[in-house]
Amino acid sequence: MKRKLITIAAAAIMALVPALEMNADKAKTVLDLKSEITDSDIIYPESYEIDTQKMLEGWYLKNYTATDDRYKTQSDVEASDEVIRERLSRLNTVIEMPFNQIVKSYIERYTKRGRSTVPVLLGLSIYYTPIFEQALEENGLPLELKYLPVIESALNPNAVSKHGASGLWQFTLAAGRGLDMEISSLVDERRDPYVSSAKAAQLLKDLYNTYGDWSLAIAAYNCGPGTVNKALRRAGGDLASHDFWSIYNYLPAETRGYVPMFIAANYVMNYYPYHNISPVLATKPLITDTLKISRRVHFNQISKVLDIPVDELRVLNPQFRADIIPGNSDHAYTLVLPSQQVQAYIMSEDEILGYEAELYAQRTDAVPGNQPDDGNIAMVEETSIYDNEPATDDTPIEAAPTTPTPTVRKASSGATKTVSHKVEPGETLSSIATKYQVSVDDIKGWNNLTRNSVRTGQMLRITTSREIADASGAKTVAPSKQEAYTSKTNTAQTSGNNNKKKKSDTTASSSKKKDKKSKKKEKKAPTNHNVKSGENLSTIAKKYGTTVSALKKANGLKGDELHPGDKLKLPSKGESTSKKSSKSKSKKKKKK
């Protein structure tokens, strides 16, 4: 019995050992994981893989900063774990900066394999860091958050991730629109340093108010509150007791490295000289100012008039994706310029907007091209007098005559037409307005002109009801819809009441057409012919519907010999016809 009790007690003790070990591990995880956690499956962000050479050759770094290549010629200076831990503790930050092997791996990614990235980050931070700090300060947030864009985008406002996140702070399309940011083909406020920084500060503040812990707020900024909440529930226990490190193993692989990356960025941006990385200095200050633009303007117009490189405008205003500021009366956009150029823009705004205005103007009207002049095909629209019904065979549609008739061309409404006018030497706005029977103010309004002068060769858009001549010199008019309807209705009624009359009218009409065609042929008939190689009198006579004898008589020829290049006078139609008719009469007499 005693032996049995001892056995039971031993079994109970053995059963308690795993539970005690599990509790000890759990306590250790909560208390010591920040400094002892390790991870062999570390994922580095896209911002670590930037094309540093391309970035160093960018307009801003080349024109406003200076660096050396010390990072290329000198290797990293090794630092022990104790040294790195002590350096992190000296950073004056509200957010905790603990040290562990995961943090160390990200620091080494900057100081060893990614050394060329750091000079780029240091150079760009000269311009962008004050913008970040202003947005954070306005929201009462820790200033060390200014290094979040370092790991998000490598301080590239045009960066786009594989998930479609864009801008310095890497907002997705849904997140950007959820924060009331304008995103279109022309404007993307996710790329605007000022707007995106203000929105990011607002979001970070809301996340901290939700979790009360900066490490969790930063993680939620990366993967979203839903993912962090799921990790908190899976970790169990008191939710208020958790931080990023206690839920580390319950987070997605990419998010696990986010807080360690943030700590590493704070370290390297402060302690880069200790690792033989080149210092970057500003060669001249880039002081900027802003103004509101309520008119549509292209970067090229600003560049040409104010003598500012387009690349500089793009660096200062990356939110305008197509180099176009689409300002209008309902919405003015912010333009960032070097401060000394702001006053110049205000003084030269009319000249900027007028510079090659016809080239950069937004087209609001489209005029179809001219009808092809093939002389044979009649462009007739077959429509019924009733909507949505095909034209009936009862309605005769007469083909347009081959010779154009002088009429007046009108717009589709029957009132006006928009035309293009090229300014000729000596022309003025006043003379052009008189020509098209419009006012000078109308022409200025249609073409965004601010002055009363035009230059030779300038293209103007003009909407006019005046008669406009075709290239042939003839004037044409298309009947209005009401005229076409009335004409067709009358034709249909007439044909329905008197089919015989319709047939006779059609016959008469066709005979008139033949007469017109024959007259046209007579008018256009050639009077001379240049003899080509291989031609003889017989082939030439056949070609022009005449006789060999008529050709000989017209040219005083006695024989049949011709030479290439000879010029023959063609007999008139009357001469050929009379000879043919006399021959036919003689043949008839012989038959009789």
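1. Basis. The model is predicted: local features need pLDDT of at least 70 and side-chain atom pairs pLDDT 80 or more, while totals for chains, interfaces and linings use all residues. Residues are numbered from 1 along each chain as its sequence is written, and side-chain values use heavy atoms, without hydrogens and water.

2. Strands. E7 (residues 417-422) runs antiparallel to E8, with 6 bridges between them; strands pair if DSSP finds at least two bridges. Helices (H or I, at least four residues) and strands (E, at least two) are DSSP runs, numbered from the N terminus. Val-419 is placed opposite Ile-462 of E8. On E8 (residues 459-464), Leu-460, Ile-462 and Thr-464 form the covered face, and Met-459, Arg-461 and Thr-463 the uncovered one.

3. Helix H15. Buried residues of H15 (residues 299-306) are Phe-299, Gln-301, Ile-302, Ser-303 and Leu-306; buried is under 20% relative accessible area, exposed over 50%, partly exposed in between (1.4 Å probe, protein chains only). Asp-307, which follows H15, has a positive phi near 60 degrees.

4. Salt bridges. With a Lys or Arg side-chain nitrogen within 4 Å of an Asp or Glu carboxyl oxygen as the rule, there are 12 salt bridges. Within helix H5 (residues 81-90), Arg-90 and Glu-86 are 4 residues apart and pair at 2.3 Å, N to O.

5. Glu-358 and Arg-455 form a salt bridge at 3.6 Å, N to O. Glu-358 is in helix H19 (residues 357-360) and Arg-455 in the loop between helix H21 (440-446) and E8, so the pair ties together parts 97 residues apart in sequence.
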